[in-house]
Amino acid sequence: MLPDSGLAATDPDVQAAISGEETRQESNLEMIASENHVSEAVLEAQGSVLTNKYAEGYPGSRYYGGCEHVDTVEQLAIDRAKELFGADHANVQPHSGTQANMGVYFAMLDPGDRILSLDLTHGGHLSHGHHVNFSGQYYEVEQYGVDPETGYIDYDELADHAERFDPDLIVSGSSAYPREFDYERIGEVADTVDAYHLADIAHVTGLIAGGVHANPVGDADFVTASTHKTIRAGRGGMILTTEEHAEAIDKAIFPGAQGGPLMHNIAGKAVGFGEALTDEFSEYAEQVVANANALADVFTDRGLSLVSGGTDKHLLLVDLRDSHPSVTGKDAEERLESVGITVNKNTVPGESRSPFVTSGIRVGTPALTTRGFTESEIEQVGQYIVDLLDDPDDDDLAEEVSLEVDRLCAEHPIYD
């Protein structure tokens, strides 16, 4: 048996880095919209001996022996995902949301087929056809955008674009679009041009599970998801589809795109999905959206420009060009991080700056809501953010806000 010497004794450098990250998370206000804090139960599942087990194949049909217990875990994850979203079939093996999208593309498209998706600078995602990603290199991609005046997707224009382009697949989904998608309308457009409809719900998985966001199951042929962000089931991906496409999807993931599944991660998914089936999780999802709207009100009242004027979900996209023309997204990210508030720089519609600099920031509420923040605390944090943007060189203000961040973190620990 291996000696139980522990990580600190075996590899103090790695242990020091982990401890540093734990301290950073506990002492900072995490407002990156794609990040969250999982429960200790999910951490325990993901750090379990399941990491030792190879299990190529699917429950009941493996290429390895000794899979009876991992079969149980994966089937639990599958059954819970189907229950949460009302899906006929769930594949919980993708290592990420991008891997899930890859699985759908490989299952249903040929190289050179056409994809219509949301432009990256308008809130889309790399895996929806950006030229630096495999999806933009293997397929012919055109992209729709948001109306420059309203910040909303123009579905009539999307329909016209689809008629002109004749795509094989239309993607609804985003990484920084703050409004709900009209999944039914996009499904109708896809049917009109004889295209598949892929709904990528990576950011809103938990909001859908909690019943506070539209569910694309039934309006889309395929639904892909991340299993962290708003659902707190640990890092990974998932595909939901109909029985008609189940076999093709499963073959595209294994053996098509991946080998052995990460059974410890699938255990985390099972636990997180189980947590998402509770009434407490529905209350959490409602609070995430309430907090985002409270933050939007503060920002609007203080003169910040929000893409689309607000939000329907967990994130806000702040366009700094009108209110703070000399402040880049990178400047804002660094200024806020210096006092313990973590956001990310983000491109905005009509972006003219580099994606490494940007003209906006993306701000989200999932992680702070997990810590127990309600509207009153979120409003405080919103005021601090605008104060720091208004007076970026005021060191006394920075010190004052830093102390307030320390207080809020101490009052709302992640792990007791």
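Residues are numbered from 1 along each chain as its sequence is written, and side-chain values use heavy atoms, with hydrogens and water left out. Because the model is predicted, local features need pLDDT of at least 70 and side-chain atom pairs count only at pLDDT 80 or more, while totals for chains, interfaces and linings use all residues.

The UniProt record, in an unreviewed entry, lists residues 8-385 as "domain: Serine hydroxymethyltransferase-like". UniProt positions are given in the numbering used here, feature names are shortened, and annotations may be inferred rather than shown by experiment. Over residues 8-385 the chain is 43% helix and 15% strand. The end C-alpha atoms of this stretch lie 37 Å apart. Helices (H or I, at least four residues) and strands (E, at least two) are DSSP runs, numbered from the N terminus.

Helix α2 covers residues 12-27 and contains V14. V14 is partly exposed, with a relative accessible area of 38%. Buried means under 20% relative accessible area, exposed over 50%, and partly exposed in between (1.4 Å probe, protein chains only).

The structure holds 16 salt bridges. A salt bridge is a side-chain nitrogen of Lys or Arg within 4 Å of a carboxyl oxygen of Asp or Glu. Side chains of opposite charge can pair when their charged atoms come close. In α2, E21 and R24 are three residues apart, and therefore separated by about one helical turn. An α-helix has 3.6 residues a turn, so residues three or four places apart point the same way. The side chains of E21 and R24 meet in a salt bridge at 2.8 Å, N to O. E21 is partly exposed at 32% relative accessibility. R24 is also partly exposed, at 26%. Both residues belong to a network of salt bridges that includes E30.

Helix α16 (residues 395-411) holds E404 and R407, three residues apart, about one turn of the helix. Their salt bridge brings the closest N and O atoms to 2.8 Å. E404 is partly exposed at 23% relative accessibility, and R407 is partly exposed at 30%.

Another salt bridge joins the side chains of E140 and R114 at 3.3 Å, N to O. This pair links distant parts of the chain: E140 lies in strand β6 (residues 140-144) and R114 in strand β5 (residues 114-118), 26 residues apart. E140 is partly exposed at 36% relative accessibility. R114 is partly exposed at 30%.

Helix α5 (residues 97-108) has 12 residues. At 1.5 Å a residue, α5 should span 16 Å, and its end C-alpha atoms are 17 Å apart, which agrees. The expected span of a helix is 1.5 Å times one less than its number of residues. α5 is mostly covered, with nine of its 12 residues buried. Among them are Q99, N101, Y105 and M108. S96 caps the N-terminal end of α5, with a side-chain oxygen 3.4 Å from the backbone nitrogen of T98. A polar contact is a pair of N or O atoms within 3.5 Å; within protein, one must be able to donate a hydrogen and the other to accept it, and residues adjacent in sequence count only if both atoms are side-chain atoms.

Q93 sits in the loop between β4 (89-91) and α5. Q93 is buried, at 1% relative accessibility. A polar atom of its side chain lies 2.8 Å from the backbone oxygen of G57.

Helix α12 (residues 279-301) contains A294. The 23 residues of α12 should span 33 Å at 1.5 Å a residue, and the end C-alpha atoms are 33 Å apart, which agrees. A294 is buried, with a relative accessible area of 7%. Other buried residues of α12 include F281, Y284, L295 and F299. A294 and R24 are 270 residues apart in sequence and 26 Å apart in space, C-alpha to C-alpha. Just after α12, G303 takes a positive phi of about 95°.
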